[in-house]
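Please open the structure in your viewer and keep the selection tool at hand.

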Amino acid sequence: MSYAVTKSSPVLVKPAASTPTETIPLSSIDRTAAVRVSVDFISVFSHGEHPAKRIKEAFAKALVPYYPVAGRIAEPTFGVPVVDCTGEGIWYVEATANCSLEDVNYLERPLMIPKEEMLPRPPAGVKLEDQILMAQITEFTCGGFAVGICFSHLVFDGQGAAQFLKAVGDMARGLPEPTVKPVWSREAIPDPPKVPFSGPPPSFTAFNFVTSVIEISLDSINQNKDKFTTETTQRCSTFDVITAMIFKSRAKAIKLANTAEVRLGFAASTRHLLHGVLPTVEGYYGNCVYPIGITKTSEEINSASLVEVISFIKDAKDALSTKFVDWMNGGSDTHYNVPLDYGTVTVSDWSRVGFNEVDYGFGEPKYVFTLNDDVNIVGSVIYLKPPTPKQGIRLMLRCVEEEHSAEFCDELLKF
């Protein structure tokens, strides 16, 4: 039997009440962090009664306090995108699958339904890059459903998008208003002068990355945390441990020359550094990230212990406060520009941003996963929560070519 999804035509879900019509700015971090990148992900729910209707009504209610999300991205001045609060609404698709979630292995990889069938897209002739958020609810024969979301990284970071979807969940569960009051205040973020770019334009190489999914057990994470504490008398986070495992395992697997550079890049949250800058940090749903990077030689990472690599990561994170505050005050722009070659890997932690806590009235999702897995110019790893009731961290690996994949995964699982 072939599995298929039948989609309705996209419809606009408008705010349930009148909202302001205005043009509002994006922050300098929004404009720096994201360009016009759209992010796709799917949340899988085991059961729900008429979820498409219930969630549609909840979106309409949540779009009243979150009215900018019902608008569109515009660019009246080249290079300076803004949000036009038009009240047009979000594109919303209702869909049904001719199978149960069990039939398609609860949408585990490899996907048995093409991702395009599960994700919302605007009608023909409507620009995807102008949309702020879109949703598709796909109902399965077992009573379960999946929520496919596409959001603009110009307007939200992961935590901000999760905040909005939690507000939709609040409305779906019958709350009179969102638990967290939304804050825009993008103009409060400083906009320091940009350092003119010098040097040749970046070059891009398309790599043949393969996608793998493996899980790091909670026991392994805790054992390595304990080992770090024993050797250093300091504490480290799950992110520190997992990231060190990836950096060290990948350096060994790809076998670059001893003197060749290996690099790690990630976006660190700066919300804790915006107290006193924003009227209130709670409720702010714009981008709050700053790029962090580590550059070492292949030999340095291969010869270092895991504890030492964890220390490299902690040191880079500890420097965040000084660098970010200096940037806000107009100091030199020391953004870490990662060379896009095979020596570089970027990591992104989706396990704690909040998508796994969105409840539309039927409980939290069984599983949440991203679908932006077709980028081939830089290696990437995404950290996810494994499907309930499993614990630990699931890694979506797309950072090595086929010849290095087996050794990379084997090295990761040795820790």
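A salt bridge is a side-chain nitrogen of Lys or Arg within 4 Å of a carboxyl oxygen of Asp or Glu. The model on display is predicted, and a search of the whole structure finds 18 such salt bridges.

Select Arg121 and Asp40 to begin. Their closest N and O atoms are 2.8 Å apart, and the two residues form a salt bridge. This pair links distant parts of the chain, 81 residues apart: Arg121 is in the loop between α3 (115-118) and β8 (133-139), whereas Asp40 belongs to strand β4 (residues 38-45). Asp40 counts as buried because its relative accessibility, 8%, is under 20%. Arg121, at 33%, is partly exposed.

Next, select Lys414 and Glu411, whose side chains meet in a salt bridge with an N to O distance of 2.9 Å. Lys414 is exposed, at 59% relative accessible area, while Glu411 is buried, at 9%.

Now move to Asp157, in the loop between β9 (145-152) and α4 (158-172). Asp157 is buried, with a relative accessible area of 5%. A polar atom of its side chain lies 3.1 Å from the backbone nitrogen of Cys288. Select Tyr285 as well: Asp157 and Tyr285 are 128 residues apart in sequence, yet their C-alpha atoms are 7.2 Å apart in space.

Finally, turn to the second largest pocket, with a volume of about 290 Å³. Of its 20 lining residues, the closest to its centre are Gln159, Ala162, Gln163, Lys166 and Val180. The lining comprises 8 nonpolar, 5 polar and 7 charged residues.

Methods:
Residues numbered from 1 in each chain as written. Predicted model: local features only at pLDDT ≥ 70, side-chain atom pairs only at ≥ 80, totals over all residues. Heavy atoms only, no water. Helix = DSSP H or I, 4+ residues; strand = E, 2+ residues; numbered from the N terminus. Buried < 20%, exposed > 50% of the residue type's maximum accessible area, 1.4 Å probe, protein only. Polar contact = N/O pair within 3.5 Å; in protein donor to acceptor, adjacent residues only side chain to side chain. 1 Å grid on protein atoms, 1.4 Å probe; cavity = no way out; pocket = protein on both sides within 12 Å on 5 of 7 lines; lining within 4 Å. Points joined across faces, edges and corners; volume = space filled by probe spheres on them. Nonpolar A, V, L, I, M, F, W, Y, C, P; charged D, E, K, R; others polar.
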